[in-house]
Each structure stands twice: as C-alpha cells, then as structure tokens.
Amino acid sequence: MKIRIEKAACVGNARCAAVSAELFPLDEDGYIAVEEIDVPGGEEKLARRGARACPERIITIVEDDD
Ligand code: SF4
C-alpha cells in the first residue's frame, strides 16, 4: 500500500500527522513534507485513518495490485 498526497494543496493543519507523525511527516512550516509514502506492513489502518483525517481530501490510498 502507498499513500499519495497532493502536496501543493496542503493547508498545513497537521490533522494527518496527529494520526501518525511517522507516516505523515511535516516540514518545518507544518505542511506535509512528502508526496508519496510506502506504508509499512501492519500500518494500513493508520494510513487509512490519516487519509480520512485530512479535511482537504488530498491524501489518496493506493492499494497494492496483488
Ligand atoms: S491533513 Fe491534509 S491538509 Fe492537513 S497537513 Fe495533512 S495533508 Fe496537509
């Protein structure tokens, strides 16, 4: 599973990082720091929660094909 983020549309409210600061790292100004994240095994639920937590709806979950 991967997470894709429309980084340019981030408004920096840190809702994603409140769910998991490790999965959703922020830059020094409080905006999301990455555009794509490989979700480590076992953290899929957390990734989905983080995606739902973004009020801007710019976090997309990309499921693995297999
Ligand atoms: S929750 Fe969405 S808008 Fe807020 S910091 Fe995270 S990616 Fe940006």
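Modeller: Let's start with Arg-57, which is exposed, with 10 other C-beta atoms within 10 Å. Everything we discuss today comes from a predicted model.

Biologist: Where is Arg-57 placed, and what is its phi?

Modeller: Arg-57 sits in the loop between α2 and β3. Its phi is near 55°, a positive value in a residue other than glycine.

Biologist: What makes Ala-14 partly exposed?

Modeller: Its count is 16 other C-beta atoms within 10 Å. Buried needs 20 or more and exposed needs 12 or fewer, so with 16 Ala-14 falls in between and is partly exposed.

Biologist: Which residues is Val-39 in contact with, leaving aside its neighbours within four places in sequence?

Modeller: Val-39 is in contact with Met-1, Lys-2, Ile-3, Leu-23, Glu-44 and Ala-47.

Biologist: What about Ile-5: buried or exposed?

Modeller: Ile-5 has 22 other C-beta atoms within 10 Å; the cut-off for buried is 20 or more, so Ile-5 is buried. Ile-5 is found in strand β1. Apart from neighbours within four places in sequence, its contacts are Ile-32, Val-34, Glu-35, Ile-58 and Ile-59. The C-alpha atoms of Ile-5 and Glu-36 are 6.2 Å apart, with 31 residues separating them in sequence.

Biologist: Which residues of β1 form its covered face, and which its uncovered one?

Modeller: Ile-3 and Ile-5 form the covered face, while Lys-2 and Arg-4 form the uncovered one.

Biologist: How do you know that β1 pairs with β2 and with β3?

Modeller: A pair needs at least two bridges. Three bridges join β1 to β2 (residues 36-38), and four join β1 to β3 (residues 59-62), so both count as pairs. Both pairings run antiparallel. Lys-2 takes part in each: its bridge partner is Asp-38 in β2 and Val-62 in β3.

Biologist: Which residues have the most contacts inside the largest nonpolar core?

Modeller: That core has 13 residues, and Ile-3 and Ile-59 have the most contacts inside it. The elements giving two or more residues to this core are β1 (2-5) and α2 (44-53). Ile-59 touches Ile-3, Ile-5, Cys-16, Gly-50, Ala-51 and Cys-54, not counting residues up to four places away in sequence.

Biologist: Stepping back, what pattern does the protein follow along the sequence?

Modeller: The pattern is β-α-β-α-β. The radius of gyration is 11 Å, close to the 11 Å that the globule rule gives for 66 residues, so the protein is as compact as a globular protein of that length. Buried residues make up 21% of the 66. Of the contacts between residues at least 6 apart in sequence, 66% join residues at least 24 apart.

Biologist: Finally, how many residues surround the ligand, and which are the closest?

Modeller: There are 15, and the closest are Cys-10, Asn-13, Arg-15, Cys-16 and Cys-54. The shell divides into 11 nonpolar, two polar and two charged residues.

Key
Residues are numbered from 1 along each chain as its sequence is written. This is a predicted model: local features need pLDDT of at least 70, side-chain atom pairs count only at pLDDT 80 or more; totals for chains, interfaces and linings use all residues. A residue is near a molecule or strand if its C-beta atom, placed from the backbone, lies within 6 Å of it. Ala, Val, Leu, Ile, Met, Phe, Trp, Tyr, Cys and Pro count as nonpolar, Asp, Glu, Lys and Arg as charged, and the others, Gly among them, as polar. A nonpolar core is a set of buried Ala, Val, Leu, Ile, Met, Phe, Trp, Tyr and Cys residues joined through C-beta atoms within 7 Å. Two residues are in contact if their C-beta atoms, placed from the backbone, lie within 7 Å. The radius of gyration is taken over C-alpha atoms; the globule rule is 2.2 Å times the number of residues to the power 0.38.
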